[in-house]
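Here is a walk through one structure, taking its aromatic rings and then one of its sheets. Keep the 3D view open as you read.

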Amino acid sequence: MPNRMKISIIGTGYVGTVTGACFAELGHHVVFVDISPQRVAGILKGDPGFYEPGIGELLKKNSQRISATEDTKSAVLATDCTFIAVNTPSCADGSLDTTYIEKASEQIGSALRETPGWHTVIVKSTVLPGTIEKILVPALERTSGKRAYVDFGLCTNPEFLKEGCAIEDFLHTDRVIFGVHEEKSQRILEDLYASFSCPKIVTSLKTAEMIKYTSNAFLSTKISFSNEIGNICKALEIDSRSVFEGVGLDSRIGPHFFRSGIGFGGSCFPKDINALIALAKEEQVNPVLLNAVVSVNESQPERMIALLKRHMHDLNHKKIGVLGLSFKPDTDDIRESRAIPIIHSLLSEGSCVMAYDPVAIEHFKTIFPSISYAASAEEVLSSDAVLIVTEWDEFKHLDYREKLVIDGRKIKKAQEEAKIYEGVCW
Ligand SMILES: NC(=O)c1ccc[n+]([C@@H]2O[C@H](COP(=O)([O-])OP(=O)(O)OC[C@H]3O[C@@H](n4cnc5c(N)ncnc54)[C@H](O)[C@@H]3O)[C@@H](O)[C@H]2O)c1
């Protein structure tokens, strides 16, 4: 067991909570901080306030090594290092909104003013290349009265977890990235990840920041590429998923993430690709490919509606069932879910929407309070047509006989038994 460290985690959303719970599992002591009193209370009860398999159990199992507070200063003063895991959303123009991370840095800086010894600040939040230098260093130095890299450590360790299997992804990641500027912080990161056997890549701060954006830009590109090929396949009556099985066996290409269908959503890909586009423009680089990735992604949900209209010319007053509201299975996160534009389109056509999701209905009601929500997936099947939007496991076992199904995610049973079936890219 490497040194047991005392760690504060600022921001107890998906990333902060998973990071802290996993470090507690590895034997470290963790102090969680959030500006939301509900989140703090939830952490202490082992209920983080969002759905992620195994997270509640992990918090409860390690409760002796976990505490939570709304007070950044006491957390920083009681610990050796501080992870920043606050939200970094998009501004209206797609650029990165650094308000939260700047505020968190100021609060940490005020605490650093009083730390007697070395303390390392580790950026987990996704930030554009140059943000640490341009935003965090001035905020931390101004409020602490100390010098970054000399009086306190500052580094970055971007996160690559996927919601829905976040704990497994964190503990058994393909790689960890250490973006560093001085050795003491590098050693802290090496200690924290000592038990990890994956490759550990040490880079400059800016390179580490860029690795995270490049990963997400590539994954988004792979999906939009799959969708464009999928749209051509659909026109030619070819199953694009079978095409990608053949393509993915090429070791230069790889089999993963050829997810042709209705596109990507979630809290990361859309905002990160838009932030990268905004940065490219600022640097006078024309991001032709990245713009196309976004454009394919935005038009893909509309294909579902177009396919529905092939079989139901007038959607006005028709009861349309929507299976799945979260942006992917095993999460209640609805940020940028493809269900949102799909339901907007259905409503503008005059349809009556009945929707179901195993865990995301309450979140969805905040955007669509007036559509009807079913108590079960079976209830949705009573609709005039059913759209499969998220590939939750339970949708793989429904009785689709006699149904008109438009499938955005390729559910085999629906494809095999629906009376009328259309796949978006197959
Ligand atoms: N969600 C993912 O799958 C994922 C994966 C990799 C990286 N990321 C990145 O990690 C970061 C966090 O993402 P998330 O999805 O966990 O965000 P989130 O919105 O779920 O949670 C952020 C939390 O930070 C809290 N917060 C904001 N300002 C604070 C402050 N000053 N002090 C204390 N708490 C504060 C908020 O109250 C909220 O609870 C983002 O930069 C995101 O891009 C997310």
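**Rings and a sheet**

The structure holds 14 aromatic pairs. Rings of Phe, Tyr and Trp (its six-membered ring) pair if their centres lie within 6.5 Å; planes under 30 degrees apart count as stacked, over 60 as edge-to-face and the rest as tilted. Y193 and F196 have ring centres 4.9 Å apart and planes at 75 degrees, so they pair edge-to-face. Both residues, Y193 and F196, are buried (buried means under 20% relative accessible area, exposed over 50%, partly exposed in between; 1.4 Å probe, protein chains only). F364 and F368 are stacked instead, at 5.3 Å centre to centre and 20 degrees between the planes. F364 is buried at 0% relative accessible area, and F368 is buried at 5%.

This is a predicted model: local features need pLDDT of at least 70, side-chain atom pairs count only at pLDDT 80 or more, and totals for chains, interfaces and linings use all residues. Residues are numbered from 1 along each chain as its sequence is written, and side-chain values use heavy atoms, leaving out hydrogens and water.

Ring pairs also join F23, F83, F170, F178, Y193 and F196 into a cluster.

Now the sheet. Six strands form an open sheet with parallel pairing, in the order β11-β10-β9-β12-β13-β14. Strands are DSSP runs (E, at least two residues), numbered from the N terminus, and two of them pair if DSSP finds at least two bridges between them. β11 (372-373) and β14 (420-423) stand at the edges with a single partner strand each, so one side of each lacks a neighbour in the sheet. Four bridges join β13 (residues 404-407) to β14, and the two run parallel. I406 stands opposite E422 in β14.
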